[in-house]
Amino acid sequence: MTGLPESDQVFIMKLEGIVLANLSDENFGVKELIDKSGMTYASLSRKLRKITDKNINQFIREIRLKKAYEILKEGKVTA
């Protein structure tokens, strides 16, 4: 996120926090992120695309994959 204006960095960190807080909810998706962000689909989609060049679903998936990678890398997996 280096090089982004501070307001965009804060926005992305807020969205990441929402996704991470809902990792255990297997039904958490685009609709839920929209609801929790307080934005409309169009405005969230447009702003996220402008900042990250990803759609909302790609953004959520990437955060989940990064977290899964961290867990696997640290060996915190339990059976």
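A crossing of two helices is right-handed if the near helix is turned clockwise from the far one by less than a right angle, and left-handed if anticlockwise. Helix α1 passes α4 in a right-handed crossing. Helices here are DSSP runs (H or I, at least four residues), numbered from the N terminus. The model is predicted, with local features needing pLDDT of at least 70, side-chain atom pairs counting only at pLDDT 80 or more, and totals for chains, interfaces and linings using all residues. Residues are numbered from 1 along each chain as its sequence is written, and side-chain values use heavy atoms, without hydrogens or water.

Two packed helices are described by the angle between their axes and the distance between the axes. Axes are lines fitted to C-alpha atoms over the stretch in contact, with angles from 0 to 180 degrees between N-to-C directions. The axes of α1 and α4 (residues 56-74) come within 10 Å and cross at roughly 65°. The pair is therefore roughly perpendicular (65 to 115 degrees). Ile12, Leu15, Glu16, Val19 and Leu20 of α1 meet Phe59, Ile60, Ile63 and Lys67 of α4 (contact: heavy atoms within 4.5 Å). These residues divide into seven nonpolar, no polar and two charged. Nonpolar covers Ala, Val, Leu, Ile, Met, Phe, Trp, Tyr, Cys and Pro; charged covers Asp, Glu, Lys and Arg; the others, Gly among them, are polar.

Helix α1 (residues 6-21) also pairs with α2 (residues 30-37), their axes coming within 10 Å and crossing at roughly 125°. Lys14, Leu15, Ile18 and Val19 of α1 contact Leu33, Lys36 and Ser37 of α2. The contact holds four nonpolar, one polar and two charged residues.

Conventions. Helices (H or I, at least four residues) and strands (E, at least two) are DSSP runs, numbered from the N terminus. Angles under 35 degrees count as roughly parallel, over 145 as roughly antiparallel, 65 to 115 as roughly perpendicular and the rest as oblique.
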